[in-house]
Amino acid sequence: MPDFTPRVFSGIQPSGGLTLGNYLGAMKRFVQMQDEASHETIYCMVDLHAITVWQDPARLHAATRELCAGFIACGIDPEKSILFNQSRVPEHAQLGWLFSCVARMGWMQRMTQWKDKAGKNAQNASLGLFAYPALMAADILIYHATHVPVGEDQKQHLELTRDIAVKFNNDFGVDFFPITESVIEGAATRVMSLRDGSRKMSKSDPSDMSRINMTDDTDTIAAKIRKARTDPEPLPSDLKGLDERPEARNLVNIYAALADVSAEQVIADHAGQQFSTFKPSLADLAVAKLSPISAEMARLTADPAEIDRLLARGAQRARAVAEPVLKQAYEIVGMVGA
Ligand code: AQP
C-alpha cells in the first residue's frame, strides 16, 4: 500500500435539523479533528443521501443551509476545513456509480440501516436507499480519506467502505484506494431517543419529543429532558448498575459527553440521586452548552448569501481534490477519454 496523506472526511444529511445525537456522536469529534494538525479535514452536507427518502425540496434547501450554519456554529472553520454540500461536487455520484458496480447485492442486503429504514416495505423503498452505502464509500474514497469520525450507527457502513476499497483494488490489481479507519470515540457514540432507550435519537423520528434539536430554545430543551422516559430507581453507585436501564444509561452518557467527563465520573458525582434531581442538572448543562450554538446558528442562517458563498468556495476546494482521483479511477476501470 502506498502512503496516503492523512485526511479526514465525514458528512451529515440535511434530512432534518441537526440533533444532539449528531452533535455528540459526530460533530464534536469533527471539531477536535479539525484542530489537530496531523491531517486535513473535509466535511460535507450529504444532500444526495438525504433524498434516498422523500424530502420536500424547499425544506431540503433550507435544511442544507441550516446544517452549514450548524457546522460553523459548532466550531468548524471553513478556512481550516473544506466545507460543502455533496451535490455540488459531481465526482461523488460518478465514483458512486463505479462502486455500485463493485459492491454486491448481498452486501447491501445485510446493512442494518437498510433493514431499519426500508422496514417491511422494502419493495417500495428507493433504489438509492439500497445503494446508499456505495455512495457513502464514494464520499470517503473520492478524497482518499484515511479516517472517518462517525457515530456507532455508521460502523457497518464504514466496514463496507473498506470492503469496496479492497475489492476495487483486487479486481483491478491496484493499490489505489486506502483502507479507511473509522473513528468512533467519546462518551456518547450512540445517543438514544428520549422516548425509547432502544432506538437511536434521529432527525427523522416522527416524535419531536424523542430528540433535542440544536435549534430548540431553552424551555423546550428543559421540557424534553424533564419528560424523557426513565425508570423509578435512583442513579446507582457504579456503571454496572445501569446495565439493564437503557434510558438511565442514555441520560448519564449525554451528561458525560456534554460535560466532557467520563460516565464513571457522572455516576460518582450523582450516585443515589432521583431523576427529579438529576434531570434539572442535565437540563441546565444542556442549555449552557447548546444555547450559544443555537444563537450562533440563528445569526448565521439570517445571512443565506454568505452561507451560499462559503458553500461554493468549499465545493471548489473539494473538487480540486476529487477531480484527479475520479480521473485515475476511470482510467483504472478502462474508460476512454478519462
Ligand atoms: N443518535 C446518534 N448518536 C450518535 N451519533 C449519531 N449520529 C446520528 N445519530 C446519532 C451520527 O451523526 C452523523 C450524521 O448522521 P446522518 O445525518 O448522516 O445520518 P443518520 O446516522 O441516519 O442520522 P439521523 O439523525 O438518524 O438521520 P435520519 O433520521 O435522516 O436517518 C453520523 O456520523 C452518525 O453516526
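Residues are numbered from 1 along each chain as its sequence is written, and side-chain values use heavy atoms, with hydrogens and water left out. Because the model is predicted, local features need pLDDT of at least 70 and side-chain atom pairs count only at pLDDT 80 or more, while totals for chains, interfaces and linings use all residues.

A pair of aromatic rings is described by the distance of the centres and the angle of the planes. Rings of Phe, Tyr and Trp (its six-membered ring) are taken as a pair if their centres lie within 6.5 Å; planes under 30 degrees apart count as stacked, over 60 as edge-to-face and the rest as tilted. The structure holds 13 aromatic pairs. Phe-30 and Phe-71 form a stacked pair, with 6.1 Å from centre to centre and 15 degrees between the planes. Phe-30 lies in helix H1 (residues 20-34) and Phe-71 in helix H3 (residues 57-74), so this pair ties together parts that are 41 residues apart in sequence. Helices (H or I, at least four residues) and strands (E, at least two) are DSSP runs, numbered from the N terminus. Residues are called buried under 20% relative accessible area, exposed over 50% and partly exposed in between (1.4 Å probe, protein chains only). Phe-30 is buried at 0% relative accessibility, and Phe-71 is buried with a relative accessible area of 0%.

The rings of Phe-99 and Phe-168 have their centres 6.2 Å apart and their planes at 75 degrees, so this pair is edge-to-face. Phe-99 belongs to helix H4 (residues 91-102) and Phe-168 to helix H8 (residues 155-172), and the pair links these distant parts of the chain, 69 residues apart. Phe-99 is buried at 0%, and Phe-168 is buried at 0% as well. Phe-99 and Phe-168 belong to one aromatic cluster with Phe-172, Phe-176 and Phe-177.

Two packed helices are described by the angle between their axes and the distance between the axes. Axes are lines fitted to C-alpha atoms, for helices over the stretch in contact, and angles run from 0 to 180 degrees between N-to-C directions. The axes of helix H7 (residues 127-141) and H8 come within 9 Å and cross at roughly 70 degrees. H7 is therefore roughly perpendicular to H8; angles under 35 degrees count as roughly parallel, over 145 as roughly antiparallel, 65 to 115 as roughly perpendicular and the rest as oblique. Contact means heavy atoms within 4.5 Å. Among the residues that meet are Tyr-132, Pro-133 and Met-136 in H7 and His-157, Leu-158 and Thr-161 in H8.

Val-46 is found in the loop between strand S2 (40-45) and helix H2 (47-50). Val-46 is buried, with a relative accessible area of 5%. Leaving out residues up to four places away in sequence, Val-46 touches Gly-11, Ile-12, Gln-13, Pro-14, Gln-86 and Asp-139.

The structure holds 0 disulfides, a disulfide being a pair of cysteine sulfur atoms within 2.5 Å. For Cys-44, the nearest cysteine sulfur is that of Cys-68, 11 Å away. Cys-44 is buried at 0% relative accessibility, whereas Cys-101 is partly exposed at 46%.
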